Amino acid sequence: MVQIENTCFSLPKAGNRKDEYEDAVGSSIFVNKDTAYYRFAIADGASESSFADIWANLLASGYCNGKFESKHIDKSVSKLSKAWKRKLNAKNLPWYAEEKLKSGAFSTLAGITFRLTDASSAGFDAVAIGDSCIFQVRGDKIIAFFPLSSVDDFHNRPVLISSNSANNIHLKMFVKKWTGTAQTGDTFLLMTDALACWILTRYEEDPSVIKKIQGLAGEHEFINLVQSERKLICRDGGFYLRNDDVTLIRVNLL
């Protein structure tokens with residue numbers, strides 16, 4: 001039977017405190033009869049919106065707790081939106097913060113569920129809204145990535161899920177789904193946008209970057225990698241890794 005091992009790494013923007021980090025992660029395990037379900041999710045809260053960190057956490061944990069159904073996304077988001085409002089109602093906010101709340105918080109979401117039985121492979125289903133990405137790695141090669149198709153798909157206006165239902169009228173059109181099979185030895189990488197764009201850019205120039213990610217032994221190694229790549233200038237004159245919150249969940253199938 002396939003087994004799963006996972007590690008999470010994260011770092012806020014350079015110059016920001018840990019409590020200013022606005023990405024989110026989630027994970028859960030659920031066993032039903034002969035099948036074990038492992039869920040992992042990442043979300044990237046939009047800094048321009050209010051309390052995006054709380055919203056991102058609700059989306060990531062909501063997916064992992066089975067409260068996010070892509071078929072009924074309106075109902076799922078509506079329930080999570082009510083939870084977001086309840087959390088904020090408990091805070092004593094100044095009037096200007098109350099006004100900003102009306103426009104809502106915004107976040108991307110990418111989640112994957114592995115179905116493990118006594119077979120030698122595992123099935124998986126993934127869902128994504130926005131530009132947080134999931135990579136399937138076999139050996140030292142990226143064999144699939146989702147939901148974008150190239151580096152050029154990253155831009156400053158990704159699709160976002162809002163805590164204000166009025167902003168989600170056309171959200172159904174942008175829900176991406178991915179179903180597939182994984183085998184022992186595969187690695188899945190869940191990354192928020194800055195890190196996902198970085199690995200695709202790096203991979204085109206030097207595929208051995210995958211080994212760096214697979215070989216990360218601890219938080220200090222991840223921090224060193226991120227900090228060095230934020231300073232390294234690429235061919236177009238920009239930095240390889242944009243200064244943004246970065247999050248990685250590495251899932252190994254054993």
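How many aromatic pairs does a search of the whole structure find? The count is 10, where rings of Phe, Tyr and Trp (its six-membered ring) pair if their centres lie within 6.5 Å, and planes under 30 degrees apart are called stacked, over 60 edge-to-face and the rest tilted. Before going on, keep in mind that this is a predicted model, so local features need pLDDT of at least 70 and side-chain atom pairs pLDDT 80 or more, while totals for chains, interfaces and linings use all residues. Residues are numbered from 1 along each chain as its sequence is written, and side-chain values use heavy atoms, with hydrogens and water left out.

One of those pairs is Phe-114 with Phe-188, edge-to-face at 5.0 Å centre to centre and 80° between the planes. Phe-114 sits in strand β5 (residues 109-116) and Phe-188 in strand β11 (residues 187-191), so the pair ties together parts that are 74 residues apart in sequence. Helices (H or I, at least four residues) and strands (E, at least two) are DSSP runs here, numbered from the N terminus. Phe-114 is buried, at a relative accessible area of 0%, and Phe-188 is buried at 0% too; buried means under 20%, exposed over 50%, and partly exposed in between, with a 1.4 Å probe and protein chains only.

Next come Phe-124 and Trp-178, whose ring centres are 4.9 Å apart with planes at 80°, so this pair is edge-to-face. It links strand β6 (residues 121-129) to strand β10 (residues 176-183), parts that are 54 residues apart in sequence. Phe-124 is buried at 1% and Trp-178 at 15%.

Now follow β11 into its sheet. Five strands make an open, antiparallel sheet in the order β1-β12-β11-β7-β8, with strands counted as paired if DSSP finds at least two bridges between them. The edge strands, β1 (4-11) and β8 (141-146), each pair on one side only. Between β11 and β12 (residues 246-253) there are five bridges, and Leu-189 has Arg-250 as its bridge partner in β12.

Helix α4 (residues 193-205) lies across β7 (133-138), β8, β11 and β12, at about 125° to β11. Helix α6 (residues 219-231) packs on the sheet as well, touching β1 and β12 and making about 50° with β1. Contact means heavy atoms within 4.5 Å; axes are lines fitted to C-alpha atoms, for helices over the stretch in contact, and angles run from 0 to 180 degrees between N-to-C directions.
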